[in-house]
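Here are my notes on the structure you asked me to look over. Keep the 3D view open and click along as you read.

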Amino acid sequence: MSKKKQGTKKGATTARSVATAPPKAFAITPPERPNDPLLKKIFQFSIIGMVLVAGLLSLGTGINGDDEYQVDYSGKLVDYYTSFGADTAALYIEKGNMHYYGGFFDLTTGLINAALGFDEFDTGYHQVRHVFNALMGMLAVLFVGLFVWQIAGWRAAVLAIWMMFLSPRFLGHSMMNPKDIPFAAGFAVSLYYMVRVFRTLPKPDWRNVLGLALGIGLALATRAGGLLLIAYLGLFAGLDFLFKYGVKGLTTQTKLVGQYLVWCLGAALVGYIIAVLFWPAALVDPIGHPLAALTEFAQLGVKIRLLFEGENVMSDDTAWSYPLVWIVKTIPLYALAGFLGSLFLLPRLLRKYDKTAVLLAYFATVFPVAYIIYKDSILHDGWRHLMFIYPSMIAVAALFWISMEDLFVNKKTLLYGLYGILGLMAVESTQFIVRNPHLSYVYFNPIGGGLQGAFGVYETDYWGISVKQAIDWMEDEGILSEQMQDTIRLATTFYYPASRQTREQFNGKVKMEYVRFSSRYDEPWDYAIFPSRFIRGAHLRSGNWPTSKSVHTVTANSVPIATIEKNETLAAYNGQQAIKQSNWQEAIRQFTAEVQNHPDNEIAWIGLSNAYINTQQYNEALNAAQKALEVAPDVESAILYQGLAYLNTGRASEALQTFDYATRVNDEYFAAYYYMGLIHQQQQRYREAYESAQKAIEANPRFRAGYQLAAQALQALGDNQNAQRYLEAAQKL
């Protein structure tokens, strides 16, 4: 009888434990293998080595062109906190909208630099930022490994961290991208601790909950998009509960539901508070401002012209496939093959590993990309805004390769083939890093023909990092030195990085000038540094850049990334000055001298065409415009002067085609629309004339001649009332 009672009691205890505890499959410790202790040590020593290498690489990396905004924000953050909120400049920053960003990175590095006595013109100032950036990158690498370890053990974890570290784009951004890398690190930390918390719910270790809160806080203290993690937490906590207790558990285990809610909401709330503490504008408005920032980033209102698939287009006019194309062509092949291959192994992965963790990795990778495509969000500078998906993508890729190894474990030939394929893919990306240690972020994989295939088709050094290599070369050659006596006028399209790397270093003997590449001779200069950014794709592909004025070219895998030009004469500058003074004969003389010495100077040919038109030498103007287009195809002003030359020689049909082409090169080229309208009006096609004038006005609302042309066309159509409206608008300009 006692045995019967004892058995009943034991059964009742078991029933209670099943109702309140997760199945064994969700135990906190991953399945171990006999060699796991050794692999754990390899993992640890690998991370230490990666931190050291990344830190050293960061010291030689150039300044990010966007640091102009972040450095300004950093100073304002330090002032805000050290004045205990009295200095409110950090609450609203019009330039760059930095108040919409969390301040963790910029506040931390700002305080360190203030303690060390560095300002932004000191080399050490930017090295502090770069080293801290590298630490954030390696933090992401570490937690990718730990996330994978939780799922598949140390062997997979070691593979994951090396796949992450040997990704040139990610490693390159880790040196100098203080927005996207800390954000990605916050996601990596959060994903790891989510799995830890899910596996121990309903009674998680408080340290795991705190780790999750810190991960959410890091992401949200960088960008408002960190709110996504709170949504992920809620969604996957719910899935985790359903996997463990089923749908019936929602009604039979109401206490557990409450515990899930308390722990998850607690982690989210603490993470939110941590983020707000580093974000002055959010401290003032803890709810409204982060939501406003999230809306701002969802719209990404900043529109710039960028190079995509060989065309220079506005960032709000790119194809829906923009992020996919960039990701596919710029991640290592082992990452791409691993992620895509995992889709075929998904049922196996879900059977073998923790379903919640695997699905979380997939969702964190796929959902942001799908959402951005669905919302038609504006992106630029490749896929850096989506870099936070890369940790989870690598995690999935690592699971694929480890699973393939398990499948082939008894088939040695296939197994060695698998190792060979993976090794070759890794060698390709590793080689790029070794050859270009400070410019690895310009990497393209073999799918697009590598960097050679991307040149002139996609942006390469979109942040002007190569400015540092250019300045270093000038210093090595003695062009720049601390002992220099004469002042050198140095022009560039990347003023901020160049000025911060020259002003203090050369005793004030370097006078920096910002110039646009398309109007680079509007200012006099001795030398100029021009990264490939801001140069039209057609010009790059023509083979006429670097130009004959180049004295040195910064390359990556033998592909030009930046050039240093020497301006031995000021003929092009003098020609531009003559045009401003309407001294057409002097302009012709100066530009003729320039093209004799440098026939690949498209600006001189354009200036020559302009001067010829204004002296009614239309055939010469046409020839000069065509020479300019041979050098730099698709340059708008050359197309315009070509059209004007056609128009003034009575070739209206060719002129119309030329102006139409100009609008396809740049759909906001108001002057081309205007001249199309003039031709339509001359041909008594008044409706087309009005439509062209309207497009000119839309492209440039302050273009007075456009309103006048629209009014004339409407008058010819008999619409005097609307014509008067346009005339009144023209008079106000």
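1. Let's start with S190. This residue is buried, with a relative accessible area of 0%. Keep in mind as you look that this is a predicted model. S190 sits in helix α8. If you skip its neighbours within four places in sequence, S190 is in contact with L212, G215, I216 and L229. For a sense of distance, pick L336 too: S190 and L336 are 146 residues apart along the chain, and their C-alpha atoms are separated by 23 Å.

2. Some of those partners lead us to helix α9, which covers residues 206-220. Helix α9 has 15 residues and reaches 21 Å from its first C-alpha to its last, close to the 21 Å expected at 1.5 Å a residue. How much of α9 is buried? Eleven of its 15 residues are, so the helix is largely enclosed by the rest of the structure. L212, G215 and I216 are among the buried residues of α9, and so are N208 and V209. What do the buried residues of α9 pack against? The list is α4 (104-116), α5 (123-152), α8 (180-200), α10 (227-245) and α12 (254-277).

3. Next, zoom in on R129, which is found in helix α5. Is R129 buried or exposed? At 1% relative accessibility, R129 counts as buried, because the cut-off for that word is under 20%. Leaving aside neighbours within four places in sequence, R129 is in contact with D67, Q70, V71, S74, F105, D106, T109, N113 and P178.

4. Now try the pair α3 and α4. Helix α3 takes in residues 67-82, and it packs against α4 at an angle of about 75 degrees, with the two axes 8 Å apart. The two helices are therefore roughly perpendicular to each other. On the α3 side you'll find Q70, Y73, S74, L77, V78, Y81 and T82, and these meet D106, L107, T109, G110 and L111 in α4. The residues of this contact divide into six nonpolar, five polar and one charged.

5. Time for the strands. There is an open sheet of five strands, in the order β4-β3-β5-β7-β6, with mixed pairing. Which strands stand at the edges? They are β4 (510-514) and β6; each has a single partner strand, so one side of each is left without a neighbour in the sheet. From one strand to the next, the twist averages 20 degrees. Helix α22 (residues 467-476) packs on this sheet and touches β3, β5, β6 and β7, with a direction that makes about 150 degrees with that of β5.

6. Strands β3 (residues 488-492) and β5 (residues 527-531) run parallel and are joined by three bridges. In that pair, L490 stands opposite Y527. Strands β6 (residues 550-556) and β7 (residues 559-566), on the other hand, pair in the antiparallel sense over six bridges. Here A556 stands opposite V559. The hairpin of β6 and β7 has two residues between the strands, and N557 takes a positive phi near 50 degrees there. As you follow any strand, remember that in a regular strand the side chains alternate between the two faces of the sheet.

7. Go back to α22 and find Q469, which lies in that helix. Q469 is buried, with a relative accessible area of 18%. Not counting residues up to four places away in sequence, Q469 touches G60, H438, L439 and V554.

8. One loop residue is worth a look as well. F408 has its place in the loop between α19 (390-407) and α20 (412-435). F408 is buried, with a relative accessible area of 17%. With neighbours within four places left out, F408 is in contact with L414, L415 and L418. F408 and V71 are 337 residues apart in sequence and 52 Å apart in space, C-alpha to C-alpha.

9. Finally, zoom out. The chain has 34 helices and seven strands. Of its 733 residues, 56% count as buried. The C-alpha atoms fill a box of roughly 120 × 70 × 65 Å, taken along the principal axes. Among contacts with a separation of 6 or more, residues 24 or more positions apart account for 70%.

Methods. Residues numbered from 1 in each chain as written. Predicted model: local features only at pLDDT ≥ 70, side-chain atom pairs only at ≥ 80, totals over all residues. Heavy atoms only, no water. Pairing = 2+ DSSP bridges. Helix = DSSP H or I, 4+ residues; strand = E, 2+ residues; numbered from the N terminus. Expected span 1.5 Å × (residues − 1). Buried < 20%, exposed > 50% of the residue type's maximum accessible area, 1.4 Å probe, protein only. Contact = heavy atoms within 4.5 Å. Axes fitted to C-alpha atoms, helices over the stretch in contact; angles between N-to-C directions. Parallel < 35°, antiparallel > 145°, perpendicular 65-115°, else oblique. Nonpolar A, V, L, I, M, F, W, Y, C, P; charged D, E, K, R; others polar.
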